[in-house]
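Here is a short report on one protein model. Keep the sequence and the 3D view open as you read.

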Amino acid sequence: MTRINPAYAVGLVALLALPFGIRAVFPGSEKYYLHLVIQMLLWAQIYTGWALMGRFGLTSLGHGAFTGIGAYVTVMLWNYAGLTPLVGIPVAIVVAVALALLIGYPSFLQRIRGHYFALLTLAMVEFVRLCIVGLRDYTGGSLGTQPARYHDGLSLYAVQFEADRMIAYFVALAVWLVGIIVWVRVDRSMDRYALEALGQDEEAAAAVGIDVTREKLKITALSAAMCAFGGAIFAQYQMYIGPDTIAGFGISLNIVFGVVAGGIGVMLGPTVGAVLTQLLSEGLRMFFQGSATLNALLGSRALSLDTLIYGILLVLFIIHMPKGIVGTAMARWARRRDRA
């Protein structure tokens with residue numbers, strides 16, 4: 001029988017009680033704070049999906065393509081075919097996994113890795129973004145589009161819950177828990193040891209009988225599926241999608257930055273990274289909008305400075321805190337315990 005860590009149980013209870021606490025403490029701003037927390041949870045699930053690959057040395061700069069596919073395929077099937085997202089989301093996941101395998105199989109077979117693989121995934125995300133912009137008659141192009149609202153916007157059939165932030169919170173919490181459960185299952189599986197071995201030395205791993213291509217494809221497909229799932233749920237919650245909000249290189253950069261900042265090799269690292277990026281994004285948005293000097297000098301371009309700041313912070317984290325916030329904190333705690 002698997003024992004549950006008491007700290008995790010306390011944390012889960014706190015998360016279940018959080019929306020009621022927000023309602024009690026911020027009655028006038030309840031929707032705003034719930035919206036912020038919901039976005040943290042949804043992006044935490046997406047970040048966790050990317051970290052499944054990243055922790056084993058598979059650096060992808062193209063996961064914005066998978067979140068975009070999850071969102072756009074689901075919305076297009078709903079808007080133009082009347083297909084409920086309960087069916088559209090699994091279809092979107094299959095499409096994302098198919099693209100991941102299409103890119104991954106020849107790459108892994110030819111031993112394309114490191115920065116060459118990262119550049120290949122960068123080309124993939126740009127291809128997906130251009131497809132979204134090019135199919136503007138259906139996707140809305142660079143302006144984006146919206147899922148067709150079903151009645152009052154609160155429906156299980158249409159997977160729409162934007163009208164009730166309390167329900168949306170618990171849906172986002174369930175989505176986040178799915179990501180955590182997948183992480184734990186991978187962490188406790190035999191595949192983890194095979195992936196760690198090939199992350200250190202692929203030739204040595206192959207020499208002891210590990211099927212390098214198969215193991216890489218399995219974790220890549222799982223990572224793509226999780227990101228597509230998160231992107232689809234994000235679209236249904238936001239009730240708006242655009243290439244700059246759910247797809248493209250900017251989203252991929254945010255994912256990489258969040259995971260590296262939080263901690264790529266620990267379970268809650270991506271979640272801490274999601275909290276950091278959302279707080280940073282919201283803080284920068286309010287700062288840029290409230291700065292008359294920046295608006296006078298740069299106009300609307302001031303809002304794009306957050307991507308530049310993310311890039312600078314990513315470099316700083318890689319140099320000075322490569323284990324991320326959670327990883328560094330755990331390492332320091334372990335050293336203090338050993339000294340004691």
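Met239 sits in the loop between helix H10 (212-238) and helix H11 (243-246). Helices here are DSSP runs of H or I with at least four residues, numbered from the N terminus. The model is predicted, so local features need pLDDT of at least 70 and side-chain atom pairs count only at pLDDT 80 or more, while totals for chains, interfaces and linings use all residues. Residues are numbered from 1 along each chain as its sequence is written, and side-chain values use heavy atoms, leaving out hydrogens and water.

Most residues other than glycine have a negative phi. Met239 is not a glycine, yet its phi is positive, about 60°. His151 also has a positive phi, near 55°, and is a residue other than glycine. His151 lies in the loop between helix H6 (136-139) and helix H7 (165-187).

Are these residues buried or exposed? Buried means under 20% relative accessible area, exposed means over 50%, and partly exposed is in between (1.4 Å probe, protein chains only). Met239 is buried because its relative accessible area is 6%. His151 counts as exposed because its relative accessibility is 65%.

The table lists more residues with their accessibility.

| Residue | Relative accessibility | Class |
|---|---|---|
| Thr67 | 0% | buried |
| Cys131 | 33% | partly exposed |
| Met190 | 65% | exposed |
| Thr213 | 11% | buried |
| Cys227 | 0% | buried |

**Thr67 and its surroundings**

Thr67 lies in helix H3 (residues 63-81). Which residues does Thr67 touch, leaving aside its neighbours within four places in sequence? Contact means heavy atoms within 4.5 Å. By that rule, Thr67 is in contact with Ile46, Cys227, Gly231, Ile246, Ile251 and Ile255. With Ile246 there is a further detail: its backbone oxygen lies 2.6 Å from a polar atom of the Thr67 side chain.

**How H3 meets H12**

Thr67 also takes part in the contact between H3 and H12. H3 packs against helix H12 (residues 249-262) at an angle of about 115°, and their axes are 7 Å apart. Axes are lines fitted to C-alpha atoms, for helices over the stretch in contact, and angles run from 0 to 180 degrees between N-to-C directions. The crossing of H3 and H12 is right-handed.

From H3, the contact uses His63, Gly64 and Thr67. From H12, it uses Ile251, Ser252 and Ile255. By class, there are 2 nonpolar, 4 polar and no charged residues. Here Ala, Val, Leu, Ile, Met, Phe, Trp, Tyr, Cys and Pro count as nonpolar, Asp, Glu, Lys and Arg as charged, and the others, Gly among them, as polar.

**Other helix residues**

Thr213 is in helix H10. Leaving aside neighbours within four places in sequence, Thr213 is in contact with Tyr105, Phe108, Leu109 and Arg111. Met190 belongs to helix H8 (residues 190-200). The C-alpha atoms of Met190 and His63 are 25 Å apart, and the two residues are separated by 127 residues along the chain.

**Cysteines**

How many disulfides are there? A disulfide is a covalent bond between the sulfur atoms of two cysteines. The rule used here asks for a pair of cysteine sulfur atoms within 2.5 Å. The count is 0 disulfides. For Cys131, the nearest cysteine sulfur is that of Cys227, 19 Å away. Cys227 is likewise in no disulfide.

Definitions and conventions
Helix = DSSP H or I, 4+ residues; strand = E, 2+ residues; numbered from the N terminus. Polar contact = N/O pair within 3.5 Å; in protein donor to acceptor, adjacent residues only side chain to side chain. Left-handed = near helix turned anticlockwise from the far one by under 90°.
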